[in-house]
Amino acid sequence: MKGISVQELINDSVYGLELEAISGFKGLSRKIYNPRIQKLGLVITGHMVYLHPHRVQIFGNSEVTYLNTLPEDEKKRIIGILCTHDVVCFVVTRNLKVPELLISETEDKGIPLLTSKLVTSVFIERVTRLLEEKLAPSTTVHGVLMDIMGVGVLIIGRPGIGKSENALELITRGHRLVVDDAVNIKKKGAVDLFGEAPPMIKNLLEIRGIGIVDVANLFGVSAVRDTKKVNLVVELVDWNEKIEYERVGLKEERYRILGIDLPLVKIPLSSGRNTAAIVELASRNHILKQQGIFTAVDLEEKILKSMEGRSKP
């Protein structure tokens with residue numbers, strides 16, 4: 001199962017968490033697996049049944065103020081019970097003064113205790129975004145991801161069938177490359193898939209006979225983008241005389257990635273066909289379908305009405 005260590009949380013410089021460990025250093029290798037956090041409201045009043053130890057636990061101003069109003073023996077009892085639940089880590093926000101009992105108990109139990117200068121609401125928003133990004137289910141798909149008129153098109157097919165060459169043609173037509181060869185796809189939310197390039201091959205395109213080219217340097221930064229939601233899958237297949245390919249468009253196929261079914265268009269390749277133009281056409285047609293315009297269905301309805309009219313005496 002994918003996880004992120006507490007040390008990685010501290011080291012992150014992208015989301016600006018401003019975290020610092022002050023005790024429990026032995027537990028910095030503990031893994032966080034849940035993107036949700038918990039603010040210790042009811043829990044510190046003694047309702048330990050509401051404690052979710054596998055989440056990042058946050059002490060805000062309300063929690064610290066409440067702890068400081070408790071008699072010393074009650075404070076020690078609450079903190080002692082908290083630290084027996086094998087919590088992944090505690091975070092005290094707003095640079096609040098941390099109770100000495102909490103520092104000593106977390107050090108003794110090896111539970112990381114972190115502080116942040118951020119106010120609680122800002123910290124929660126940032127750490128949630130970080131955890132959702134880092135812990136999102138992901139996979140790698142062999143193919144090319146393009147942004148074609150705002151549609152994220154994942155082009156797949158056997159090695160050497162022409163995915164990269166068609167991507168080059170699409171780039172010259174004004175569309176944008178996200179990644180060639182290895183598409184890292186992450187699932188965000190319930191139904192959204194986003195693709196991006198591994199850092200090593202970002203902006204690069206492999207063209208057989210020429211080699212590796214840098215699209216951003218050749219065509220400008222407007223020809224590339226860092227990430228894109230995947231909306232449509234186009235599969236390039238070899239032409240086979242024995243197979244009856246879709247000619248009307250009534251049949252809709254699906255391609256599953258990380259449990260999400262995406263629209264799939266299969267394009268058979270043969271000499272004389274402008275594949276890049278067909279991929280672009282598939283993207284335009286996808287946009288129409290999103291707007292509720294189904295050309296094949298409309299044609300079928302017209303044909304049926306025409307047939308009904310002829311059958312009447």
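## Cavity and its lining

A cavity here is a set of grid points where a 1.4 Å probe fits but cannot get out, and its lining residues have an atom within 4 Å of such a point. Strands, for their part, are DSSP runs of at least two residues, numbered from the N terminus. With those terms in hand, we can look inside this structure, which is a predicted model.

One cavity of 30 Å³ or more turns up, and the largest cavity holds about 30 Å³ of space. Its lining is made of E133, K186, K188, F194, G195, E196 and T227. Strand β11 gives the largest share of that lining, three residues. Two strands, β10 (176–188) and β11 (192–196), each bring at least two residues to the lining. Sorted by class, the lining of this cavity has four charged residues, two polar ones and one nonpolar one.

Two of these lining residues, K188 and F194, also meet in another way. The charged end of K188 sits over the ring of F194, at 5.2 Å from the ring centre.

## Helix α5

Another cavity-lining residue, E133, takes us to helix α5, where E133 is buried.

Which residues of α5 are buried? They are T120, F123, V127, L130, L131 and E133. As background, an α-helix has 3.6 residues a turn, so residues three or four places apart point the same way.

## An aromatic pair

How many aromatic pairs does a search of the whole structure find? It finds one. The partners are F59 and F90, with ring centres 5.5 Å apart and planes at 50 degrees, so the pair is tilted. The two residues belong to distant parts of the chain, 31 residues apart: F59 is in strand β5 (residues 56–59) and F90 is in strand β6 (residues 89–92).

The cut-off behind both calls is a relative accessible area under 20%.

## The second largest pocket

Now for an open space. The second largest pocket contains about 160 Å³. It is lined by 14 residues, and the closest to its centre are H142, K163, S164, D181 and R208. By class, the pocket lining has six charged, five polar and three nonpolar residues.

## Loops and positive phi angles

Two residues other than glycine have a positive phi here. E18 has a phi near 55 degrees, and N95 has one of about 55 degrees. E18 is in the loop between α1 (6–11) and β2 (19–23), while N95 is in the loop between β6 and α4 (100–109). At 43% relative accessibility, E18 counts as partly exposed.

G41 lies in the loop between β4 (37–39) and β5, and at 33% relative accessibility it counts as partly exposed. R158 lies in the loop between β9 (151–157) and α6, and at 41% relative accessibility R158 is partly exposed as well.

## Distances along the chain and in space

G41 and L51 are 10 residues apart in sequence and 9.7 Å apart in space. R158 and V213 have 55 residues of separation in sequence and 21 Å in space.

S62 is in helix α2 (residues 61–69), and at 52% relative accessibility this residue counts as exposed. Its partner for comparison is K163, one of the residues closest to the centre of the second largest pocket. S62 and K163 are 101 residues apart in sequence, with 57 Å between their C-alpha atoms.

Key: Residues numbered from 1 in each chain as written. Predicted model: local features only at pLDDT ≥ 70, side-chain atom pairs only at ≥ 80, totals over all residues. Heavy atoms only, no water. Buried < 20%, exposed > 50% of the residue type's maximum accessible area, 1.4 Å probe, protein only. Helix = DSSP H or I, 4+ residues; strand = E, 2+ residues; numbered from the N terminus. 1 Å grid on protein atoms, 1.4 Å probe; cavity = no way out; pocket = protein on both sides within 12 Å on 5 of 7 lines; lining within 4 Å. Points joined across faces, edges and corners; volume = space filled by probe spheres on them. Nonpolar A, V, L, I, M, F, W, Y, C, P; charged D, E, K, R; others polar. Phe/Tyr/Trp six-rings, centres within 6.5 Å; stacked < 30°, edge-to-face > 60°. Lys NZ or Arg CZ within 6 Å of the ring centre and 35° of its normal.
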